[in-house]
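Please look through the structure shown here before reading on.

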Amino acid sequence: MSASSGGWQGAPIRIAVVGSGPAGMYTAEALLKGQKQRCDVDVIERLPTPFGLVRSGVAPDHQKIKGVTKVLTKIAKMKGFRFLGNVEVGVDLAIQELRDNYHAVVLAVGCESDRSLGVPGEDALGSYPAVSFVGWYNGHPDHRDLKVPPETTRAAIVGVGDVATDLTRIALTDRDALARTDIAEHALEILRKSPVHEVLIFGRRGPEHMKLAIRELRAIDALDGVQVAVDAEEVAAAQARVESPSTATQKKLEYLAELAARPLAEGVRVARFMFLRSPKRLITEGERLVGVEVERNRMSSDSRPTGTGEFERFDVQWLFRAIGYRGVPLEGVPFDDAWGTIPNNDGRVCERRDGPPVPGLYVAGWIKRGPTGVIGTNRADAVVTVSKILADLDGGIIDVDAPKKGCEEILKERGVRVVGFDDWERIDRAELERGKRSGKVREKFVDVKAMLEALDEA
Ligand code: FAD
Ligand code: NAP
């Protein structure tokens, strides 16, 4: 039975979506688009600002990508859509309250935590998971107080995915160029005092397993005064190792070989890729990071890195772990600790991996499938989740006859200050105006209090 022909057609369906990142917004779009019955979608977001990692993950020098907010804003203007910002599920509202007051609940809370390497010294001043450092330069309220020491000249990054490329660009980009973006002012100040001339990017496996997109590698090399360096022998060994590379791998290896063949120009800042190396110890003086010890690896026949017992030491003052994000458990919701996600079957939350579904509870985006995929990936992913909700409405698994009143009353009783989408648009305008005054694309408010004060003043 299709959504439009089901017996529930005409009944007002009330759905809560938790999280307003791409997954939450695309879920709302799929729910609201083309349905003939009335559907009310409340998108509940813990921050007063919508769009998740589009605001707090996408790098400040990638303003074109942030243009997707226009598409997401159109979704927010669809009939039946409501934004309930500044409302944290698990703090202001319990999951059970959502389940009692909505026909279905979709969790699209992303992956807001990190993974550790499990090596000594990881908590040194100067060593950060990407989630914190990225959140810090992007003005996420959770990370604005991160202590980042200045006067850094050399940084290390662990992991060779796209997040590693963002961190490399931010560390090496000319500070005056960064000053025109929407980078948080506190981060710009520290970066200005940190003349980073080299970034070492460590991959635990060979270049043939590099996850980053080739366009992102090109973007580093295209930076003014910056050059990518890589060892020609490492690239040649990788080319010899892979028998039938995919087109993407072949192109990456060819590009790396081209980069390896170029002598370094005088005075350039360098992004140096160093493969088959795993950090084993972070070296500190007092609390401050001063270096990293890495073990050389060899590739085993099943593509795993195996330590060789040969160690190297590099002096670095910052080290970023770009080895993947991780979901945060929500009280009252099953959690798969090994994967760092909510166990589910194509979007239907399950009590455990391969366990029975929890009726009326769904997931979308990174918390559903793990921290991989670009913004657009979440659209197709949301459509799959919504198809399961529609099937459960058709199949009577969701009781459409039970009236549901949403969470407005509870929030009112608790005195929670809800930020609507029009409020967000006022914050947005205030940030753009502040940016204009300082020659930047935008000057973000970096704490919730300042956002709410801006609303009171407007
Ligand atoms: P998120 O975007 O993380 O959204 C989750 C939302 O849930 C957040 O707004 C959060 O505040 C909210 N939330 C969490 N917990 C609660 C709660 N308890 N109650 C209420 N709300 C809650 N992709 C690209 O295409 N281009 C890029 O340039 C790009 N750059 C990236 C840079 C970085 C550093 C990272 C990490 C990712 C990047 N991506 C990029 C990938 C893209 O950002 C993700 O695919 C996408 O954001 C995942 O969407 P999501 O909605 O699942 O999670
Ligand atoms: P990712 O692409 O999965 O890369 C993670 C990297 O960390 C891999 O190189 C991985 O190596 C390595 N790693 C994992 N565990 C490790 C360990 N214990 N020790 C050493 N290395 C380890 O993840 P990501 O870079 O966080 O990106 C997440 C998603 O966001 C991706 O889908 C990405 O495309 C997207 N994104 C896109 C953009 C963009 O479009 N511009 C920007 C940022 C992010 P192995 O391969 O050996 O596991």
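**Briefing on the model and its two ligands**

An oxygen atom of ligand 2 is 3.0 Å from a polar backbone atom of Val-160, which is a polar contact in the sense used here (a pair of N or O atoms within 3.5 Å; within protein, one must be able to donate a hydrogen and the other to accept it, and residues adjacent in sequence count only if both atoms are side-chain atoms). This is a predicted model, in which local features need pLDDT of at least 70 and side-chain atom pairs count only at pLDDT 80 or more, while totals for chains, interfaces and linings use all residues. Residues are numbered from 1 along each chain as its sequence is written, chains are lettered from A and ligands numbered from 1 in the order in which they are written, and side-chain values use heavy atoms, with hydrogens and water left out.

**Ligand 2**

- A polar side-chain atom of Arg-204 lies 2.8 Å from an oxygen atom of ligand 2, and an N or O atom in the side chain of Arg-205 is likewise 2.8 Å from an oxygen atom of this ligand.
- Taken alone, ligand 2 exposes 920 Å², of which the protein buries 82%; such accessible areas come from the Shrake-Rupley method with a 1.4 Å probe, and for residues only the protein chains shown count as cover.
- There are 22 residues around ligand 2, and Val-160, Asp-162, Arg-204, Arg-205 and Gly-373 come nearest, where a residue counts as near if one of its heavy atoms lies within 4 Å of the molecule or strand in question.
- Helix 7 gives the most to this shell, with 3 residues; helices (H or I, at least four residues) and strands (E, at least two) are DSSP runs, numbered from the N terminus.
- By class, the shell around ligand 2 divides into 9 nonpolar, 6 polar and 7 charged residues, with Ala, Val, Leu, Ile, Met, Phe, Trp, Tyr, Cys and Pro counted as nonpolar, Asp, Glu, Lys and Arg as charged, and the others, Gly among them, as polar.

**Ligand 1**

- Around ligand 1 there are 33 residues, of which Glu-45, Leu-53, Trp-366, Gly-373 and Ile-375 come nearest.
- Oxygen atoms of ligand 1 lie 2.9 Å from a backbone N or O atom of Leu-53, 2.7 Å from a polar backbone atom of Gly-373, and 3.1 Å from an N or O atom in the side chain of Asn-378.
- Taken alone, ligand 1 exposes 1000 Å², and the protein buries 93% of that.
- The elements that give two or more residues to the shell around ligand 1 are helix 1 (22-32), strand 2 (39-45) and helix 7, and the shell as a whole has 18 nonpolar, 10 polar and 5 charged residues.

**Two domains**

- The protein chain is assigned domain 1 (13-112 + 327-419) and domain 2 (115-321), with bounds that come from an automatic or database domain assignment.
- The C-alpha centres of domain 1 and domain 2 lie 33 Å apart, and 15 residues of domain 1 are in contact with 17 residues of domain 2, contact meaning heavy atoms within 4.5 Å.
- The shell around ligand 1 draws at least three residues from each of domain 1 and domain 2, and the shell around ligand 2 also draws at least three residues from each of them.

**Helix 6 and Trp-136**

- Helix 6 (residues 130-137) is largely enclosed by the rest of the structure, because 8 of its 8 residues are buried; buried means under 20% relative accessible area, exposed over 50%, and partly exposed in between (1.4 Å probe, protein chains only).
- Trp-136 lies in helix 6 and is buried, with a relative accessible area of 2%.
- Leaving aside neighbours within four places in sequence, Trp-136 is in contact with several residues, including His-143, Val-148 and Ile-190.

**Glu-29 in helix 1**

- Glu-29 lies in helix 1 and is buried, with a relative accessible area of 11%, and a polar contact of 2.9 Å joins the side chains of Glu-29 and Arg-379.

**Positive phi angles**

- Most residues other than glycine have a negative phi.
- Phe-51, in the loop between strand 2 and helix 2 (53-56), has a positive phi near 85° and is buried, with a relative accessible area of 3%.
- Leu-276, in the loop between strand 10 (269-274) and strand 11 (277-285), has a positive phi of about 55° and is buried, with a relative accessible area of 11%.
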